[in-house]
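Colleague: I would like to go through this model with you. Could we begin with the ligand and then turn to the chain as a whole?

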Amino acid sequence: MSQQFDVVVIGAGPGGYIAAIRAAQLGLSTACIDAFKGADGKPALGGTCLNVGCIPSKALLQSSENYHALTHDFAAHGITVKGSQFDAAAMIARKDGIVSKLTTGVAFLFKKNKVASLHGVGRLLGRQQEKWQIEVRNGDAVELVEAGHVIVATGSPPRPLAGFDVDNDTVLDNAGALALTAVPKRLGVIGAGVIGLEMGSVWKRLGSEVTILEAAPTFLGAADAQLAKEAFKTLTRDSGLDIRLGVKLGALKRGRDLAIGYEQDGKAETLKVDKLIVAVGRVPNTEGLGADAAGLKLDERGFVMVDEFCHTSLPNVWAIGDVVRGPMLAHKASEEGVAVAERIAGQKPHLDFNSIPWVIYTSPEIAWVGKTEEQLKAAGVEYRKGSSSFAPNGRALGLGQAQGNVKVLADAKTDRILGVHVIGPMASELIAEAVLAMEFKASSEDVARTVHAHPSLSEVLHEAALAVDKRALHG
Ligand code: FAD
Ligand code: NAI
């Protein structure tokens, strides 16, 4: 007799594990199947995000930022340190410790919430008498479980690039880039997207010469153009990333070093590096899921097709996170997970895609929520804008990070905030106020009338809101 559940979640990334916990909180008997194994070969919950994504990358970004501050910024504070050293292996070990703390934390949360944790590959077999049959395969061991509802949260692997096969020795994907135990002298990156910029920043701060080859002629196409322009200037001029746009890749030759042939402005070039990170996007993961046999519809790019409530083409089968349309972000996956669990429990949750924040953890950080100026213009929406710089902000000066600015876009007639774009220190934290304001349908006047602590970085958002009405006090 197979184990019976109300809900079975396939995948324990930030989409799946959160969905499982929320379903269990709502009184549904829940199991979560996950196949991920850590570098030690042992099962590790938390998916891409906790194991080889958000968390380890932020750990390395912080370590490298500390090192950079020590070698470049501390002197201005009157601090000189003699005989300082950097140990990449120790940095990686610290990162591994953080990952392990969080992945075991998910196992603890599963126990606490009585979520059954099953290790193996989950495959949809079919449906009988309103119950889905799911196979859980762990090597030769096969178990069958049954559930009224299935939530597919199988995430995404890196998009492969023909001719640039990843070996995670010299040609690296995100997992390899997060595990280097020595600083490469010359590091190449293919793709100036989020991973390329974040991982490029880590190794640049630690001393690598970093060259990023990007196919698109424009930088960060999804971002507000003014923000993207500012980011390009800062990341190339101040952070020292060599970002080459509009590149057409040729062949990769693997020898003593890696030689990447490419064309830029019609000119043939070769980039020679010691290590190469390939980060050209990610693809939905439906491998091993049995989508075809079960009749689960995928779109032309391989994403599981869902409606606005994350319901798939099959009855009581839901899908969330990277494996469905929308931004590939951990918080988007988690919020979809919560919404689906609540919907299964009979509630009517709502998730506003327009207020999902984006953050790129470079230095300075880049963050935005809502519409860009280009999107508003294209939609014919009349708007007013207010900008304010971190340059005169006392807290930013104290931190030694007075670069960047905040831009608030508000509807010209109603003053409702339509978008907020930040480049500057702690943009990742500052954007939360803008997200909340947008969720509450706030006007720029609401933010302008809100008391902001002094001195704080949030005063720059306050000033930008005041600037929408041309009454900035420090601008
Ligand atoms: P995943 O986290 O990919 O989890 C899916 C899980 O399902 C995996 O454990 C997988 O092994 C398992 N699985 C797949 N198929 C099966 C099956 N058939 N049976 C059983 N198990 C299966 N996002 C942010 O919001 N902020 C960040 O700072 C950020 N940084 C990132 C940095 C890097 C380097 C990378 C690569 C990604 C980053 N992301 C970030 C993106 C984020 O990691 C993803 O959006 C998020 O992990 C998606 O969650 P998910 O639950 O949909 O899938
Ligand atoms: P991405 O989509 O952000 O960027 C990929 C880049 O590669 C694009 O700029 C694209 O034009 C370029 N590219 C594609 N093919 C190319 C080619 N043949 N030659 C040169 N350039 C090419 O994807 P990335 O960086 O791999 O990250 C995947 C996803 O992971 C992100 O989209 C994001 O959703 C998530 N992520 C989020 C983070 C965050 O929230 N801070 C951090 C890291 C990843």
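Predicted model: local features only at pLDDT ≥ 70, side-chain atom pairs only at ≥ 80, totals over all residues.

Colleague: How many residues surround ligand 2, and which are the closest?

Modeller: Ligand 2 is surrounded by 22 residues, and the closest are E198, E214, G281, M328 and V359. By class, the shell has 14 nonpolar, 3 polar and 5 charged residues.

Colleague: What lies 2.7 Å from a polar backbone atom of V359?

Modeller: That is a nitrogen atom of ligand 2. Another nitrogen atom contact involves A215, where a backbone N or O atom lies 3.1 Å from a nitrogen atom of ligand 2. For V194, a backbone N or O atom lies 3.1 Å from an oxygen atom of the ligand.

Colleague: How much of ligand 2 does the protein bury?

Modeller: Taken alone, ligand 2 exposes 840 Å², and the protein buries 76% of that. The elements giving two or more residues to its shell are α6 (194-205) and β16 (358-360).

Colleague: Now the whole chain. How many helices and strands are there?

Modeller: The protein chain has 14 helices and 20 strands. Its radius of gyration is 24 Å, close to the 23 Å that the globule rule gives for 475 residues, so the chain is as compact as a globular protein of that length.

Colleague: What share of the residues counts as buried?

Modeller: Of the 475 residues, 50% count as buried. The chain exposes about 22,400 Å², with carbon and sulfur atoms supplying 53% of it.

How values were computed
Residues numbered from 1 in each chain as written. Chains lettered and ligands numbered in written order. Heavy atoms only, no water. Near = heavy atom within 4 Å. Polar contact = N/O pair within 3.5 Å; in protein donor to acceptor, adjacent residues only side chain to side chain. Areas by Shrake-Rupley, 256 points an atom, 1.4 Å probe, with all protein chains shown as cover. Helix = DSSP H or I, 4+ residues; strand = E, 2+ residues; numbered from the N terminus. Nonpolar A, V, L, I, M, F, W, Y, C, P; charged D, E, K, R; others polar. Rg over C-alpha atoms; globule rule 2.2 N^0.38 Å. Buried < 20%, exposed > 50% of the residue type's maximum accessible area, 1.4 Å probe, protein only.
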